[in-house]
Amino acid sequence: MLIKTLMVLLICSLCYSEWRWADDTIELTHDKEAHLVGSFGLYYLFRHKEFNETESILYSIGLGLLKETSDALVPWEQYGIIGGDGFSKYDLYYNISGIGLAYVIDKLWKPKENSKWERGFNNNTISFSYRLY
């Protein structure tokens with residue numbers, strides 16, 4: 001449902017605004033770092049709020065696309081901090097890298113049976129514990 005809504009918004013916005021492409025590189029900058037870490041965090045947010053892996057990946061990618069679309073359509077020169085410098089395919093590369101890294105860690109880092117180390121997630125915290133007995 002979210003993906004369909006994003007697609008409708010994208011198509012409608014193309015009709016009413018001028019599309020801008022970002023003039024950037026793949027070099028790791030603070031912006032790219034924010035995309036990597038933000039997508040990583042979004043995947044974990046969705047994953048540990050009762051969404052399955054596929055939904056978590058799709059929603060994280062969808063929000064990244066929505067951000068890039070707003071960057072393309074809302075110029076920072078006119079709107080300041082809420083605007084962007086254009087649609088960047090490299091930002092999407094970093095979004096996908098962050099989601100991929102989160103997915104791999106989510107698959108590999110599972111508590112083992114009879115392990116003294118445990119991790120836990122609830123609504124407010126992430127906890128790690130070690131049993132001494």
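Predicted model: local features only at pLDDT ≥ 70, side-chain atom pairs only at ≥ 80, totals over all residues.

Colleague: Okay! Where is H35, and what does its side chain touch?

Modeller: H35 sits in helix α2. Its side chain makes a polar contact of 3.2 Å with the side chain of D91. D91 also turns up in a network of salt bridges, together with D24, D31 and K32.

Colleague: Before we go on, what's the overall layout of the protein?

Modeller: Going along the sequence, you read α-α-α-α-α-β-β. That comes to 5 helices and 2 strands. Of the 133 residues in the protein, 27% are buried.

Colleague: You mentioned salt bridges. What's the general idea, and how many does the structure hold?

Modeller: The general idea is that side chains of opposite charge can pair when their charged atoms come close. In this structure there are 8 salt bridges. Take R20 and E77, whose side chains meet at 3.3 Å, N to O. R20 is in the loop between α1 (2-16) and α2 (30-47), while E77 is in helix α4 (residues 76-79), so this pair ties together parts that lie 57 residues apart in sequence.

Colleague: And is E77 buried or exposed?

Modeller: Use the cut-offs again: E77 has a relative accessible area of 52%, so it is exposed.

Colleague: Which salt bridges does R47 make?

Modeller: R47 meets D106 in a salt bridge of 3.1 Å, N to O. That pair links distant parts of the chain, as R47 is in helix α2 and D106 is in helix α5 (residues 89-108), 59 residues apart. R47 also meets E53 in a salt bridge, at 3.8 Å, N to O.

Colleague: How do R47 and D106 come out on accessibility?

Modeller: R47 has 22% relative accessibility, so it counts as partly exposed. D106 has a relative accessible area of 1%, so D106 is buried.

Colleague: Let's do a whole helix. How should I read α3?

Modeller: Start with its length: α3 covers residues 53-73, which is 21 residues, and spans 30 Å from first C-alpha to last, close to the 30 Å expected at 1.5 Å a residue. Then look at how it begins. N52 caps the N-terminal end of α3, with a side-chain oxygen 3.1 Å from the backbone nitrogen of T54.

Colleague: Which residues of α3 are buried?

Modeller: In α3 the buried residues include S56, Y59, S60, G62 and G64. Further along, E68, T69, D71, A72 and L73 are also among them. L65, on the other hand, is in helix α3 but is partly exposed, with a relative accessible area of 35%.

Colleague: Last one: how do I read the packing of two helices?

Modeller: Look at the angle, the distance between the axes and the handedness. α2 and α3 pack at about 140°, with their axes 8 Å apart. Angles over 145 degrees count as roughly antiparallel, and α2 and α3 are therefore oblique to each other. The crossing of α2 past α3 is right-handed.

Colleague: And what about α3 and α5?

Modeller: Their angle is about 160°, with axes 10 Å apart. That makes α3 roughly antiparallel to α5. α3 passes α5 in a right-handed crossing.

Definitions and conventions
Residues numbered from 1 in each chain as written. Heavy atoms only, no water. Salt bridge = Lys/Arg side-chain N within 4 Å of Asp/Glu carboxyl O. Helix = DSSP H or I, 4+ residues; strand = E, 2+ residues; numbered from the N terminus. Buried < 20%, exposed > 50% of the residue type's maximum accessible area, 1.4 Å probe, protein only. Expected span 1.5 Å × (residues − 1). Polar contact = N/O pair within 3.5 Å; in protein donor to acceptor, adjacent residues only side chain to side chain. Axes fitted to C-alpha atoms, helices over the stretch in contact; angles between N-to-C directions. Parallel < 35°, antiparallel > 145°, perpendicular 65-115°, else oblique. Left-handed = near helix turned anticlockwise from the far one by under 90°.
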